[in-house]
Amino acid sequence: MQWIAVALAVAVWIFVYRSLEPFSNWFAFDLLRMRAGSHLASSVQFFIFEAPKVVLLLTVVVFGVGIVRTFFTPERTRRILAGKREAAGNVFAGLLGVVTPFCSCSAVPLFIGFVTTGVPLGVTLSFLVSAPMVNEIALVLLFGLFGWKVALLYLGTGLLIAIVSGWVLGRLRLERWVESWVYQTTPGAGEASGESSLNWSERVGQGRAAVKDIVGKVWPYVLAGIAVGAAIHGYVPENFMASIMGKGTWWSVPLAVLLGIPMYSNAAGIIPIVQALLGKGAALGTVLAFMMAVIGLSLPEMIILRRVLKVPLILTFAGVVGFGILVVGYLFNILI
Amino acid sequence: MRIQVLGPGCTKCKELTKRTENAVRLLGLELTVEKVTDFREIMKFGIMMTPALAIDGTVKIVGRVPTEAEIQTVLTTALS
């Protein structure tokens, strides 16, 4: 019975998704009789097309990832990472960061849990970088809006930054800047979750719960982000962004990273802004750097991490990761 | 019965606290819901994700905010 419902939902989803562009055009230009080429019409069409589209993509992604996550608990991740040497450990940590569930308030228990059970500091930091930054929401939205190449680029460079910066930080031997009480914490009892084995029906249930929870929480931000994107799309002149964020200006990448670090947005909200910026001539490298800086490094997360990391380490962390993002941004502007 | 909500105080933790307090009230229990926000204390429970709900020192739910119904079930099971 459940599978019939799922199949039906998929069919409806595909139909609605395919109809969005024609519907949005009809809505703005036929129904509301707006003048083609006017700023308002452009913005409205953009909004009517993009808003439902993004929500649809989000729903699918969150559902799918919700299910994948039932296979990857932090406990399991820790067991995989404990005792792995650096380099290999950094790679695994980066990869696992993508699929392990993560919310910024869990950053501290996760950090302590890893570090006190034999996961090297650098490896733990690789995980802490990739978990928020290489975000499945960001990936699938990038895929939906810009194609698989951009999504793959984001995934690849995000992982690279996570792996390399974690490795570099590990080499720098910064253990003395972890609050000493952390290392004195005895590793906890362990399998405290009691949710080790779920059957498929329960996994699907978790997927649906994730959709209700995440999409239910994120949709106002998505709509707001798309509204801003729509305004930029309709009203900002075609090459406006090219002058400040285009390839020509060497300072656009560092500026984008510096602006992005203290800012925080969930991945869904920032994608439409990314789209509008790109559509107006901003260079891909600069925009990706901005996006990574916004969702990868955030002031709220730094403040929470202050409970376990001393300020020099936090600054080094932000600095190394920020630098990695910078390099990626420049590379893209040069290569693409 | 000792009820504790573990978490640093982000929105999820607050939501879990609220739902637990509602569940406690609905079951007619005269109990307070303790909030544990110090990480040193939280780590003693052996968890890696917050928020979490612990009854009499044992963690029952970790890393998510369950429905009030689920919290009620957990409470009634613990009572019996």
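In the predicted model, B:Val62 lies in strand β4 of chain B, which covers residues 58-62. B:Val62 has 25 C-beta neighbours inside 10 Å and therefore counts as buried, since the cut-off for burial is 20 or more. B:Ile42 is 20 residues away from B:Val62 along the chain. The C-alpha atoms of these two residues are separated by 12 Å.

The contact between the chains was examined next. Chain B contributes 19 residues and chain A contributes 21 residues. On the side of chain B that touches chain A, at least two residues come from each of α1 (11-26), α2 (39-43) and β4. The largest share belongs to α2(B), with four residues. By class, this side of chain B holds twelve nonpolar, four polar and three charged residues.

Within chain A, one helix pair was described. Two packed helices are described by the angle between their axes and the distance between the axes. The pair consists of helix α12 (residues 252-260) and helix α16 (residues 311-335) of chain A. Their axes come within 9 Å and cross at roughly 145°. The crossing of α12(A) past α16(A) is right-handed. From α12(A), the residues in contact are A:Val253, A:Pro254, A:Ala256 and A:Val257. They meet A:Gly322, A:Ile325, A:Leu326, A:Gly329, A:Tyr330 and A:Asn333 of α16(A). Seven residues of this helix contact are nonpolar and three are polar. No charged residues take part in the contact of α12(A) with α16(A).

Conventions
Residues numbered from 1 in each chain as written. Chains lettered and ligands numbered in written order. Predicted model: local features only at pLDDT ≥ 70, side-chain atom pairs only at ≥ 80, totals over all residues. Axes fitted to C-alpha atoms, helices over the stretch in contact; angles between N-to-C directions. Left-handed = near helix turned anticlockwise from the far one by under 90°. Contact = placed C-beta atoms within 7 Å. Nonpolar A, V, L, I, M, F, W, Y, C, P; charged D, E, K, R; others polar. Buried ≥ 20, exposed ≤ 12 C-beta atoms within 10 Å, placed from the backbone.
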